[in-house]
Amino acid sequence: MPIEPLLTPSLAASSSEKLDWLEISAFFSPNGVARLDALVAALDQQEDEQLDDIGEEDRLKEAIVADVENEFDYREKALGEEYPFMLSDDAEELHLVRSWDDERAVFYYVCLLASHLVGSPLISVDLKTETITKLRNDVFQIISTLAMAGVAIGPSVSIGWPRNNSEAILDTLRRATAANSGFTARDAPHPEVINPHDKDGGMDVISWRRADRPPPIQLYFGQVASGADWKGKSAANKVKSFKAKFFEIGPLGNEGFTTLTPLRIADEPLWKREHVDHGSIVDRTMLPSLAHQGVALAAGGVPVDEANRLHVVLEWVSDYRAELLA
């Protein structure tokens with residue numbers, strides 16, 4: 001049976017939302033299993049008139065299962081080992097195959113749970129404020145910094161506020177300069193454009209393709225967008241003022257822009273339209289694999305901020321699960 005805080009998707013729910021429901025149900029289930037017939041039965045109950053025709057009921061079930069299977073196949077192919085679920089051969093059950101304390105699976109669990117953190121049509125429980133704040137101010141910043149290393153296949157520095165180590169932003173940028181990022185940080189923020197209350201200049205992460213001889217082939221400015229307002233958060237919109245405030249020279253090479261969100265953006269026209277403003281977007285079907293790549297780069301000696309704080313991510317997922325099951 002579904003857990004008490006889990007709400008049934010509406011009849012109008014997308015295939016992505018239906019699969020999210022199954023994933024969350026399996027995540028909270030004692031045996032790590034969610035049955036598709038429970039989803040079908042719950043949706044069937046929402047019909048204005050119950051279906052008397054057995055053939056029509058079977059067709060409805062087949063359509064729901066086909067939708068879920070297609071979305072599952074997409075996620076499994078996109079994420080590979082970072083996707084922690086398996087669909088049974090008969091498509092009757094979704095199985096959790098990696099625990100929430102698995103370091104390779106935890107990135108997907110954060111994205112799934114973060115997608116339903118506030119105002120979710122699937123979860124009825126109001127989470128503690130500190131749980132939400134921890135995700136937005138720390139946990140998703142950690143994952144995004146790792147993922148930006150995966151995007152660039154190189155170093156990544158975390159500059160979003162609040163910074164865990166309380167390092168001044170110019171000190172962080174000087175570390176990047178010393179690591180051949182292709183730009184030189186100012187000695188002090190530009191006095192004519194800096195806001196006295198500005199902690200990060202509206203930028204969250206900077207990463208770059210590693211090069212022993214700068215400038216790197218590509219330098220990326222990353223924007224972390226953990227909520228539903230991701231469309232309004234583009235690093236490209238902030239980069240001009242950011243460089244005016246904090247850069248003395250550069251960057252000398254190519255620039256790229258990335259927005260990172262835990263959401264599954266399944267609307268293909270929306271996905272393509274938003275790339276015009278964002279440069280590139282990393283959603284739930286990409287971010288876990290890129291974050292894992294960032295961990296691997298750090299293990300190989302590449303400078304990647306937040307790589308030593310994976311325990312914070314694991315603790316948040318464990319605490320979230322305990323909070324909803326309490």
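I counted 10 helices and 10 strands in the protein chain.

Notes on the source. This is a predicted model, in which local features need pLDDT of at least 70, side-chain atom pairs count only at pLDDT 80 or more, and totals for chains, interfaces and linings use all residues. Residues are numbered from 1 along each chain as its sequence is written, and side-chain values use heavy atoms, with hydrogens and water left out.

**Overall shape**

The C-alpha trace spans about 75 × 40 × 35 Å along its principal axes.

Next I looked up burial. Of the 326 residues, 52% count as buried. Buried means under 20% relative accessible area, exposed over 50%, and partly exposed in between (1.4 Å probe, protein chains only). The chain exposes about 15100 Å², and carbon and sulfur atoms supply 48% of that area. The areas come from the Shrake-Rupley method with a 1.4 Å probe; for residues, only the protein chains shown count as cover.

I also looked at contacts (heavy atoms within 4.5 Å). Among contacts with a separation of 6 or more, residues 24 or more positions apart account for 70%.

**The five-strand sheet**

I traced an open sheet of five strands in the order E4-E6-E7-E9-E10, with mixed pairing. Its edge strands are E4 (156-158) and E10 (281-282), each pairing on one side only. Two strands pair if DSSP finds at least two bridges between them.

E4 and E6 (residues 205-208) run antiparallel and are joined by three bridges. Ser-156 has Ser-207 as its bridge partner in E6. Ser-158 has Val-205.
Helix H6 (residues 169-178) packs on the sheet and touches E4 and E6. The direction of H6 makes about 175 degrees with that of E4. Axes here are lines fitted to C-alpha atoms, for helices over the stretch in contact, and angles run from 0 to 180 degrees between N-to-C directions.

E6 and E7 also run antiparallel, through four bridges. Val-205 stands opposite Gly-222 in E7. I noted the side chains of E6 too: Val-205 and Ser-207 point one way, Ile-206 and Trp-208 the other way, and all are buried.

Gln-218 lies in strand E7 (residues 218-224). Is Gln-218 buried or exposed? It counts as buried, because its relative accessibility is 18%. Its side chain reaches the backbone oxygen of Glu-255 at 3.2 Å. That is a polar contact: a pair of N or O atoms within 3.5 Å; within protein, one must be able to donate a hydrogen and the other to accept it, and residues adjacent in sequence count only if both atoms are side-chain atoms. Gln-218 also touches residues including Ser-207, Trp-208 and Asn-254.

Thr-258 is in strand E9 (residues 254-260). Thr-258 counts as buried because its relative accessibility is 1%. Thr-258 and Phe-221 are 37 residues apart in sequence and 6.3 Å apart in space, C-alpha to C-alpha. Thr-258 touches Phe-221, and its other contacts include Met-148, Ala-235 and His-278.

**Helix H4**

Last, I looked up H4 (residues 106-114): nine of its nine residues are buried. Among them are Phe-107, Tyr-108, Tyr-109 and Cys-111.

Note on methods. Helices (H or I, at least four residues) and strands (E, at least two) are DSSP runs, numbered from the N terminus. Lists of a residue's contacts leave out its neighbours within four places in sequence.
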